[in-house]
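Please consult the sequence and the model alongside the points below.

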Amino acid sequence: MSSQIWIDADATPKKIKEILFKAAERRPIKLTFVANVYTNAPRRSNIVIKVVPKGIDKADDYIAEQAVSGELVVTADIPLAARCVENGADVLTPRGRALNRNNMAPILSARNFNEELRNAGLSTGGPPPFSPKDIQQFANALDRWIQKQSRRR
């Protein structure tokens, strides 16, 4: 039985996709990239590209409907992460932060607060630039998740 990883492909950085491709080459992991447009990926039986109809949150809705307990979702989209955590899935951000039932509520609350500030015209700044440290943190967090899955089998 292989582990399933769902990737919010529209917003996942290329370097993170490359880490996922390498993981799928070495281990029995099924990757499903979900996006509104086709994304390039190696041609392998365990890598799937799912193109959903264009529209707001169509890819998010698909992932949230599919991801279940024991599976991993890779996304920076906090509302999507909250939906997936509610379904029992594990979530990793592209920066390597694990989101779960223990930390999801305050993260979602902070995201919503910042969204309100932005909508009111107040600048909240964005995330810092994506860095090599972020890439390493993601790789480490992914490896920990894969190891945890291996012990469950």
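A pocket is an open set of grid points with protein on both sides within 12 Å along at least five of seven lines, and a volume is the space filled by probe spheres set on the points. The model under discussion is predicted. In it, the second largest pocket has a volume of about 210 Å³.

**The second largest pocket**

- The lining consists of L72, D90, V91, L92, A98, L99, N100, A141, R144, W145 and K148.
- Two or more lining residues come from each of β5 (90-92), β6 (98-99) and α5 (132-152).
- Helix α5 supplies the largest share of the lining, with four residues.
- By class, the lining of this pocket holds seven nonpolar residues, one polar residue and three charged residues.

**Packing of α1 against α5**

- Helix α1 spans residues 14-26, and its axis comes within 10 Å of that of α5, crossing at roughly 30°.
- Angles under 35 degrees count as roughly parallel, and α1 is therefore roughly parallel to α5.
- The handedness of the crossing between α1 and α5 is right-handed.
- On the α1 side, the contact is formed by K15, I16, I19, L20 and A23; on the α5 side, it is formed by I135, F138, A139, L142 and I146.
- The residues of the contact between α1 and α5 comprise nine nonpolar, no polar and one charged.

**Packing of α2 against α3**

- Helix α2 (residues 58-66) packs with helix α3 (residues 78-86) at an angle of about 15°, and their axes are 8 Å apart.
- Because of this angle, α2 counts as roughly parallel to α3.
- The crossing of α2 past α3 is right-handed.
- Helix α2 contributes D60, D61, I63 and A64 to the contact, while α3 contributes L80, R83 and C84.
- The contact of α2 with α3 divides into four nonpolar, no polar and three charged residues.

Methods
Residues numbered from 1 in each chain as written. Predicted model: local features only at pLDDT ≥ 70, side-chain atom pairs only at ≥ 80, totals over all residues. Heavy atoms only, no water. 1 Å grid on protein atoms, 1.4 Å probe; cavity = no way out; pocket = protein on both sides within 12 Å on 5 of 7 lines; lining within 4 Å. Nonpolar A, V, L, I, M, F, W, Y, C, P; charged D, E, K, R; others polar. Axes fitted to C-alpha atoms, helices over the stretch in contact; angles between N-to-C directions. Parallel < 35°, antiparallel > 145°, perpendicular 65-115°, else oblique. Left-handed = near helix turned anticlockwise from the far one by under 90°. Contact = heavy atoms within 4.5 Å.
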